[in-house]
Amino acid sequence: MAITIKDIARQAGVSAATVSKVLNRKDQFIGEKTREKIWALVKELNYTPNSIARSLITRSSRVIGVVVPDILNAYFTELVRACDEAARGRGYSTILCNSDSDSEKEAAHLAFLAGHGVDGIVLAASDLIPDVVLLERLKIPLVSMDREIPDLDCLAGRIDTDYEKGAFLAASHLMRAGHTRIAFLSGDPSALNTRIRRAGFERAHREAGLALDLDLIECGAFNHRFGLTATHTLLDRADFSSMCCMSDMLAMGAMVALRERGLSVPGDCAVIGFDNIYIAPLLVRPLSTVERRISESGSLAIGTLIDFLDDPTRPRRTVLIEPTVVQRETT
């Protein structure tokens, strides 16, 4: 027979309500010894809460959906792990959905998460603008991360990176090293994230007194495949001595293309990325990049969402992550 809260309460000598508060981490007025005794019994008796029954009573599943556009991108892999770790620390579980940057697939994932009773959703960086009508209909609290999204009643907060400053810092870093012909790789040219990054790249040129060469700009996607093909396109079209890549995955694809052309990094061409994913320092030639504090961003997103779930009257939270340059061996 399955162990119940009443069994734990009886052995701990407390009420079932006290056990429930401890299990749901609403135990600020319960003594430390009582909490320790209850958790020891939970472990000893191998108690597993009945999540379905609990959700019917509390109207809370303690599950959060995390929607990303490309789980093969190591940035999102690292972000999802940070979100899951932060959620578990607050007594929640996560469900991962990968949209492949497809608006129909993302809408289907949102409907799926709503149908399975998640308490809230983290919408991670994407070039997609989410289905506003759908979000308003679902009314699920959400946090947006580095993406264009309108102000909605269900929007609990935004966790953004100062992309304009990050691109400016990356280009300026290359300019200080003496580079005047800098290629620029980024995502979808129509997306806000790319427009903001390009604005920072252009500002660096203006402040350095350098002319901007449009032949050195290629925008399409943030993955390594585009980095590879776009670099070959640039090499066929123009001369340059460095590359400013708006994701580490783009930078990795670019370095493969440079190697295929018999060019060395940074001898023939310096390369800087953006994100500082965990792979960046592990490459044969460790990648210089822009640090955007991925784990901290994921933790902030989950914390912002759960704080809103605990108190929906609290003011909407907006956080802008300040980027910094990490110099390694590719610049």
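Thr 304 is buried in this predicted model, with a relative accessible area of 3%. The residue is found in helix H12, which covers residues 294-310. Its side chain makes a polar contact with the side chain of Arg 317, at 3.4 Å. Once neighbours within four places in sequence are set aside, Thr 304 is in contact with Val 143, Ala 156, Gly 157, Ile 159 and Arg 317. Several of these names come back when we turn to the sheet.

That sheet is open and has six strands, in the order E2-E1-E3-E4-E5-E11, with parallel pairing. Its edges are strand E2 (93-98) and strand E11 (317-321), each of which pairs on one side only. Direction ignored, neighbouring strands here are turned by 15 degrees against each other on average. Within the sheet, strand E3 (residues 120-123) and strand E4 (residues 142-145) are joined by three bridges in the parallel sense. Val 122 stands opposite Val 143 of E4, and Val 143 is also one of the residues in contact with Thr 304.

Moving on to strand E5 (residues 155-161), we find Leu 155 there. With a relative accessibility of 1%, Leu 155 counts as buried. Leaving out residues up to four places away in sequence, it touches Leu 142, Ser 144, Ile 149, Pro 150 and Arg 316. Ser 144 is eleven residues from Leu 155 along the chain, and the two C-alpha atoms are separated by 7.6 Å. The loop between E4 and E5 holds Asp 146, a residue other than glycine with a positive phi, near 50 degrees. Asp 146 is buried too, with a relative accessible area of 2%.

Now for the helices, starting with H3 (residues 32-44). Arg 35, Ile 38, Leu 41 and Val 42 are the buried residues of H3. Viewed down the helix axis, the buried residues of H3 fall within an arc of 130 degrees, so they line one face of the helix. Cover for the buried residues of H3 includes helix H1 (5-12) and helix H2 (16-23). The other side of H3 carries the exposed residues Lys 33, Lys 43 and Glu 44. After the helix comes Asn 46, with a positive phi near 55 degrees.

Helix H11 (residues 248-260) has 13 residues as well, and its first and last C-alpha atoms are 18 Å apart, close to the 18 Å expected at 1.5 Å a residue. Its surroundings are another matter. Ten of the 13 residues of H11 are buried, so the helix is largely enclosed by the rest of the structure. Those buried residues are Asp 248, Met 249, Leu 250, Ala 251, Met 252, Gly 253, Ala 254, Met 255, Ala 257 and Leu 258. H11 is followed by Gly 262, where phi is positive, near 80 degrees.

E8 runs parallel to E6, to which it is joined by four bridges, and pairs with E9 in the parallel sense over three bridges. Cys 244 takes part in both pairings: it is the bridge partner of Phe 184, and its own bridge partner in E9 is Ile 272.

In the loop between H11 and E9 lies Pro 266, and the peptide bond from Val 265 to Pro 266 is cis, with omega near 5 degrees. In the loop between E9 and E10 sits Asn 276. Its phi is positive, near 60 degrees, in a residue other than glycine. At 13% relative accessibility, Asn 276 counts as buried, because the cut-off is under 20%.

Methods. Residues are numbered from 1 along each chain as its sequence is written. This is a predicted model: local features need pLDDT of at least 70, side-chain atom pairs count only at pLDDT 80 or more; totals for chains, interfaces and linings use all residues. Side-chain values use heavy atoms; hydrogens and water are left out. Two strands pair if DSSP finds at least two bridges between them. Helices (H or I, at least four residues) and strands (E, at least two) are DSSP runs, numbered from the N terminus. Axes are lines fitted to C-alpha atoms, for helices over the stretch in contact, and angles run from 0 to 180 degrees between N-to-C directions. Buried means under 20% relative accessible area, exposed over 50%, partly exposed in between (1.4 Å probe, protein chains only). The arc is that of the directions from the helix axis to the C-beta atoms. Contact means heavy atoms within 4.5 Å. The expected span of a helix is 1.5 Å times one less than its number of residues. A polar contact is a pair of N or O atoms within 3.5 Å; within protein, one must be able to donate a hydrogen and the other to accept it, and residues adjacent in sequence count only if both atoms are side-chain atoms.
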